[in-house]
Amino acid sequence: MSKHVQTHLDRNEARIVAAPTEVKNAGAIVRHQVEADRNFELPTALFGATVGLYLAFIGIMFAGFASPGLIVPMAIFAVFIVAGFGVPAVWTRLAGNTSLPMTMGKFKQSGIMTNTGHLAARDAAIQMLILPVLIVLWACAVLIIAALV
C-alpha cells in the first residue's frame, strides 16, 4: 500500500537521503528489479493451434464465399492474424528473455498457475482454444445457412 507523505512533510519526519550508489563487481551480472516473462509459460503448440484455427476460419469463409473481390480482404485478414501472433513470437526471442515456454509434457504433468488459481492442462487448453473453435464452428454454420437460403 502507498502512503500519502504530505503528513510526514508537515511534521518534519520526512528525510531526504542520497541515492544509493551502485557497486559494480567485475564479471557480475546486473540483475534488473523486474524480470519479464514474455512467453506466458504456455506451450508453443497451443499458440500454433490458435493461429491455425483463425486461419481455418479465413479459409472456410473464403472457400464458401469465393469471389475475386474477396481475395485482397481475405489476404489482409490472414496477414493481420499472422502478424498478430508473429510479432509476439519474435518478442519472446528478444535478447534478455531468459524464460522459455513450457514443454507439452511438463504442461500436461503440472498444468499452469493462473490469476484465479491452478488449472490442469486440459482445462487451460480448453480455455485457450474455446473461442477459436467456436469461431470456426460459426463459419461452418454461416456457410450452411448460406447454402440453404
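The report below covers the overall fold, the last helix, the nonpolar cores and the aromatic pairs.

## Basis of the model

This is a predicted model, in which local features need pLDDT of at least 70, side-chain atom pairs count only at pLDDT 80 or more, and totals for chains, interfaces and linings use all residues. Residues are numbered from 1 along each chain as its sequence is written, and side-chain values use heavy atoms, with hydrogens and water left out.

The pLDDT is the predictor's confidence in each residue, from 0 to 100. Its mean for the protein is 84, and 82% of the residues reach 70 or more. Among the elements, helix 5 has the highest mean pLDDT (96) and helix 1 (residues 6-10) the lowest (69).

## Overall fold

The protein has five helices and two strands. Helices (H or I, at least four residues) and strands (E, at least two) are DSSP runs, numbered from the N terminus. Along the sequence the pattern is α-α-α-α-β-β-α.

Of the 149 residues, 18% count as buried. Buried means under 20% relative accessible area, exposed over 50%, and partly exposed in between (1.4 Å probe, protein chains only). A contact means heavy atoms within 4.5 Å. Among contacts between residues at least 6 apart in sequence, 71% join residues at least 24 apart.

## Helix 5

Helix 5 has 28 residues and reaches 39 Å from its first C-alpha to its last, close to the 40 Å expected at 1.5 Å a residue. The expected span is 1.5 Å times one less than the number of residues. A kink of about 45° lies at L129, shortly before the proline P132. The bend at a residue is the angle between axes fitted to the seven residues ending there and the seven starting there.

The buried residues of helix 5 are A121, A124, A125, M128, L129, P132, V136 and A139. Their cover includes helix 2, helix 4 (104-110), strand 1 (112-114) and strand 2 (117-119).

## Nonpolar cores

A nonpolar core is a set of buried Ala, Val, Leu, Ile, Met, Phe, Trp, Tyr and Cys residues joined through side-chain atoms within 4.5 Å. The largest one here has eleven residues: L42, L46, M102, F107, I112, L119, A121, A124, A125, M128 and L129. Helix 5 (residues 121-148) gives the largest share, five residues. Apart from this core lies another, of nine residues, among them V51, Y54, F57 and A139.

Leaving aside neighbours within four places in sequence, L129 is in contact with L46, A49, T50 and L53. T50 belongs to helix 2 (residues 44-64) and counts as buried because its relative accessibility is 5%. Not counting residues up to four places away, T50 touches F85, M128, L129 and P132.

## Aromatic pairs

A search of the whole structure finds two aromatic pairs. Rings of Phe, Tyr and Trp (its six-membered ring) pair if their centres lie within 6.5 Å; planes under 30 degrees apart count as stacked, over 60 as edge-to-face and the rest as tilted. Y54 and F85 form a tilted pair, 6.1 Å centre to centre with 40° between the planes. Y54 is in helix 2 and F85 in helix 3 (residues 71-91), 31 residues apart. F85 counts as partly exposed because its relative accessibility is 28%.

F57 and W138 form a stacked pair, 5.9 Å centre to centre with 20° between the planes. F57 lies in helix 2 and W138 in helix 5, so this pair ties together parts that are 81 residues apart in sequence. F57, at 18% relative accessibility, counts as buried.
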